[in-house]
Amino acid sequence: MKKVIFRHSTSRQLLLSVAFLLTFTLSGFSQAQAAQDATAQAEPEQEAAAADTGGSDLGDPAAGKELFNSLCAACHKPYSNSIGPALHGVTDRRDMDWIHEWVKNSAALIASGDAQANEIYNEWGQTAMPAFPQLSNGDIDNILAYVEQPKPEPQAAAGSAGGEAGAAGGSGGVSTDVILGILVFVLAMLLLVLFLVNKTLRTFADASGIVIPEKPKRKPIYKAFVENQFLVLVSSIIVLLAVGYFAYGFLMQVGVDKGYQPIQPIHYSHRIHAGDNQIECKYCHSSARTSKHSGIPSLNVCMNCHKAIAEVAPETATEEYSKEFYDKEIAKLYDATGWDPATRTYSGEEKPVKWVRIHNLPDFAYFNHSQHVSVAGIECQKCHGPIQEMEIVYQDAPLTMGWCINCHRETNIRIEGNEYYEKIHEELSKKYGVEELTAAQMGGLECGKCHY
Amino acid sequence: MSSNKKYWKSVEELNENSSVVETLQQKEFAEEIPVEDFLGDKESLGDSKTSRRDFLKYVGFSTAAASLAACEGPVVKSIPYVVQPERIVPGIANYYASTIADGFDFASVLVKTREGRPIKIENNDLSKFKGGVNARVNASVLSLYDTKRVKRPMIEGRNVSWEEFDREVSSALDNASGEIVLLTQTFASPSTSKLIQEFSSKYGNVRHVVYDTVSEDAALNAFQSKYGRRALPNYDFSKVKTVVSVGADFLADWHGGGFDAAFAKTRIPKNGKMSRHIQFESNMSLTGANADKRVPLKPSQQKAVMAALRGYIAGGSSTSDLPSNIDDAVVKAASQLRKAGSGAVVVSGVPDQEVQSWVLEINEALGSRVMDTSNARVIRQGNASEVAQLVKDMNNGSVGALLIAGLNPVHTLPNGDEFVEGLKQVETVVDFTTRTDETSKLSKYVAATPHYLESWGDIQFSEKSFSLMQPTIRPLFDTRQFQDTLLKWSGNNASYYEYIKETWSAGLGDRNWSEVLHDGVFEASSPVALPASNNSSSSSISFNMDELEGEGYELTLYTNTAIGDGQQANNPWLQEMPDPLTRASWDNYVTVSKADAEELGLENENVANGGLNGSYVNLTVGDTVVKSVPVYIMPGQAKGSVGLALGYGRKAGVQEEMQTGVNAYPLYKNFSSVQKVKIEKVAGVHEFACVQLHNTLMGRGDIIKETSLEVFNTKDAHVWNSTPEVSLDHQETPVTSPEVDIWESFDRTTGPHFNLSIDLNACTGCGACVIACHSENNVPVVGKDEVRKSRDMHWLRIDRYFSSEDTFTNDLEKKENIGGLGSSLSEFGELEEPADNPQVVFQPVMCQHCNHAPCETVCPVAATSHGRQGQNQMIYNRCVGTRYCANNCPYKVRRFNWFNYAQNDEFDYHLNNDLGRMVLNPDVTVRSRGVMEKCSMCIQKTQKTILDAKREGRTIKDGEFHTACSAACDKGAMVFGDVNDKESKILEKKNDDRMYHLLEYVGTKPNVMYQTKVRNTTEA
């Protein structure tokens, strides 16, 4: 059964309103909490900065880091083997002059018959390292300074980050409980006070001999109500209307899965990829440009980058998800593709991933991504929501027919530079007397355009 | 003029008082909903243990359960590739050129694949050799997903691995005590020929026997004795001015088929000229139905006609003992042939070597450019006498091992019993087969072979035309090609793919392999010599037409459009496809003439629901009896002759629902299609699934318009193609004029406006469009019982109308047919009998996409509406199934889903298994129960073309738009396009004088138009 976390049911609406009241009364508390959170976030950054010491006797590690990331990172990692060997400790293994020569032109060094050079060339599958004649010896030293820094202790850093995250989450939970408790206590106290005051007053009255006059017996309110036909009529109409309203609301949300946020077999974070790293959507969802399907990228697309990225940077970790967590998810990818990061080979054993489909259109509705993405040039976010902020993707749009139709009514056709539209636009704009045409005016509301 | 002619679909309609016809004219749905069936009678209801209260409980519970279940949607999993092949983009179709060569159908095709699954077969326009992409070829994609295929190699019914299989068979072959014989279909493949030679040289004592299930032996022998090569003459029918066919069904499967496309183009009158086609035949064939002049005669007379033609044209005796009316027709035919000069051709299907050599002789004498003997066809190689010899040798015990490839001889050999006896004498029998059939059940070793869509191959159509076969899907089962196996057994480690490449390494000229593979076809000369046949003249089998003399009826065996030689009998699309002429599906039957039927006391009767019932007969040829053959009374069947289709009656490896018809192969004695037969009526009534009376057009006329070439050339269009008129203010006004129109019209001048033109002259009724529509639009198969109840789901039907010549006033035919100085009054009378030699018109009818559609106005929920592009759109998810639209449709083209046809055990066809559903087109919804459906004018295809243009930012050229039917029609009978494009071919068709709309006077303004049929009745 599908888990839908967000539904417009009546009970949920009630809960929401209670929650709203609570938030209103307790806004003070939460503000204080937010300040606390901010300080917690700042901490790991400081720690990372602190780690940038050591190895500085070779050169400037900060300048080296920049050079390393732009030139070397495609093939090398400081602490583990990648396409090329791990660079940490290279100054112990090799002579500095040799390193300078190798980096500037490795091919020449190999050709000269240098034993070390040939050995390393053959060991790494005769993959030639490109020449970097633009680097000065100083630049190379800076890079070496960066890679020779002692390996940061991810264990401790991540552990503390994780711990803090847990604590932060926990404190949030406690605070609401406390607030609720206090509220209940206050209400109970008020009731008690009221009761006590009443009791005391009665005691006083008894003591001073005042007889409280009995109220004349009134008709019970329900009888009065039943006898008042007008009131019965009006209220039953109101009740009927209300029932109708809610029933309609309930029925209309059946099958509308806005907010559907299933748990996927691999925790793939769009926030990291599309948000932090700013990878263009269509880089991975390439078929959205040409096909009706946006296409769930096949795992070989993931491996284009993840061959080199076996772990996330410590700063990628959040309060909720630790670095270990993300690294484990990357390991799942390796498992599915049969990639062994140690030997850097594929075992050939593939395990296809069974993703849970989030956006499900019924079979009788035809939707073509390329029409919207390539022809109309619509941003992915228009229908899929702030995907670059989603840690776990959810369905942002209701995907109902009314939603489609509304957009077709409001959206203008993108005709610039499209020869196909030239004549049609000319004729239609004359007919409707407008310069811009909506999709609806182009026939985008015809039933058969989407249902066949 | 055309309105003076009476058209009828069935003999029943000629009966003035038929209540059945009356009912069908008045009602769209002939039967009431069978409430009694599911509620039963009172007694059985009383006996039922389910009380009313129980019933209510169940209803309550199930409603509650259903509504609860509806709240939560199912979880849908998406599983992408781990490593996506570069060329596969989900949602985009890939096309591959390949070739079908199953021994009966040979054609270069384009295969459409989606997400790696072949889903549709289309024409390869690059192919110069037009091997017909007919209904069977179109349907062959479904045979790929046949559940009854052989899934892995077997030894004595035990599943084994290929290693074990190779080991066992190799040792059996090494120790074979006697000859090793390869009995194969016609492969027409240079590489395979070369491979068989290599295999022969390895084992030494190997004989290769080629066997065609439906034999062209006589023609092959005649050609061989004249030209020294075993082949069939090729015919270029695009050059035809006059063709005389004596018993040759050349628009269907004659000589391997595929002549129809070229011929149909000569049928469209151009500059006042069109080809003339005279047919002498006994069965009413597809070819005869399209002829300008058809002379029905018995098979024995056909030889006489050929002899007379030869006499008149090539010299020799110029007298014949034919009846004078036939002789007259022959004389006229001969004079027209002579007049046509090099554009004349004579073809014949008479299974007699002498007659076939006359054909070559006559055509040479005519100087015919149509016949081409230099580029002869090699797609039939079978040698009947060698097959007969093999059966004898098997029974002698001189055959040590028999390797059968691509054949089912136990079922298809006329002497199948002898063959079965012979099989017992052969130690090692290996059957290479894709299907479990009668032969594989009796074979010790069964080698599972792949379907052609999973195989490699090189095919030689004719001496100069070649084509490549390439796989379009990874083999679904553990199968291995015959050729790969043979390579292995010859000790060659190469794959067949490498082997083909090597064969052609020098033969492609200036083209490279990838280019040729992309195109699928190429011209070359074969690097491998044609396998020479050893004995042709000393043929142990010779059929002499003189054997037909004497008492009894003359039987002509034929292959019908749907089933052909019967290889694809387990294909539900083909089983349900109505025969173009009889309009019966799911059956074969003996066709008899009305006169003979009366004589024998045979009956056809239409029962109240429109279903057709027929008598049974036993057919006896020699000492072989085929029992309980249903009888179909066929207008146009020559008196004294009967016809029966081959290919039916298969039992092994065929699903129970599709074990239809009777096996006619036992009657195919000496591989001759004509036989002397005794007919004996037996008890019982056969229920046909015949759609001929279904969906009649409410008795309204003005459906077919036809005229003669003479009238067409000399008179104004309004004489032979008049627009109906109505009275407006006491003035006759054409219905097409806006003043009489009560509708407010859409503005359709912007963007594309689709029209479809159907040329009744070029349409041969072949049915390729029907199957193409099935595969494009996921049309379900409903089964024989449902078809009988008029519940067939075909979106596109091909109506067949008969018309009697004598009701055509000014009809020249009548006089000329009788001819012979009116010598015999009896013949005159015969020809007046409407059902004796009717003229035939085929008319494909699908939704007419009326601009003023009557269906749209009656739909209470607006489930059918009109698009600006001219398509009448049917919205399934909106339809509530009132069926008002179908009742209000004047063209009877709407189809109602009485049941769920997908995933329903009651309809156990391809939609009910995972394998069969792989053929579904993912762009078209599979309809569910209770909704109406109909032709959508392939809106998914037009939308795709538009989107491609938009994405590439260009305008659309004429010829880019296609529907499935127009793309499948290689005859050019269906033209589809945008009438707002001033340059388009469709606009030309729309402005043509021959253009008319179906039931124009109803004022529906359809977007489908027809072109008036013109017959070339010019005699002499």
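Biologist: What percentage of the 452 residues in chain A is buried?
Modeller: In this predicted model, buried residues account for 16% of chain A.

Biologist: How many helices and strands does chain A have?
Modeller: Chain A contains 20 helices and three strands. Of its contacts between residues at least 6 apart in sequence, 69% link residues at least 24 apart.

Biologist: How many residues does each chain bring to the contact between A and B?
Modeller: Chain A contributes 47 residues and chain B contributes 40 residues. On the chain B side, helix H5 (52-71), strand E2 (77-78) and helix H32 (939-952) each provide at least two residues. The largest share, six residues, belongs to H32(B).

Biologist: And how many on that side of chain B are nonpolar, polar or charged?
Modeller: The side of chain B that touches chain A comprises 18 nonpolar, 16 polar and six charged residues.

Biologist: Which strand of chain A is joined to E2(B)?
Modeller: Strand E3 (residues 355-356) of chain A is joined to E2(B) by two bridges, and the two strands run antiparallel. Within this pairing, A:Val356 stands opposite B:Lys77.

Biologist: Changing topic, what is the strand order in the open sheet of chain B?
Modeller: The four strands are ordered E13-E12-E11-E14, with parallel pairing. Strands E13 (293-296) and E14 (344-348) of chain B each have a single partner strand, so one side of each lacks a neighbour in the sheet. Neighbouring strands are turned by 10 degrees against each other on average, direction ignored.

Biologist: How many bridges join E11 to E12 in chain B?
Modeller: Five bridges join these parallel strands; B:Thr242 has B:Arg276 as its bridge partner in E12(B).

Biologist: Which helix lies across E11, E12, E13 and E14 of chain B?
Modeller: Helix H13 (residues 324-340) of chain B does, running at about 140 degrees to E11(B).

Terms used
Residues are numbered from 1 along each chain as its sequence is written. Chains are lettered from A and ligands numbered from 1 in the order in which they are written. This is a predicted model: local features need pLDDT of at least 70, side-chain atom pairs count only at pLDDT 80 or more; totals for chains, interfaces and linings use all residues. Two strands pair if DSSP finds at least two bridges between them. Axes are lines fitted to C-alpha atoms, for helices over the stretch in contact, and angles run from 0 to 180 degrees between N-to-C directions. Two residues are in contact if their C-beta atoms, placed from the backbone, lie within 7 Å. A residue is buried if 20 or more other C-beta atoms lie within 10 Å of its own, exposed if 12 or fewer, and partly exposed in between; C-beta atoms are placed from the backbone. Ala, Val, Leu, Ile, Met, Phe, Trp, Tyr, Cys and Pro count as nonpolar, Asp, Glu, Lys and Arg as charged, and the others, Gly among them, as polar.
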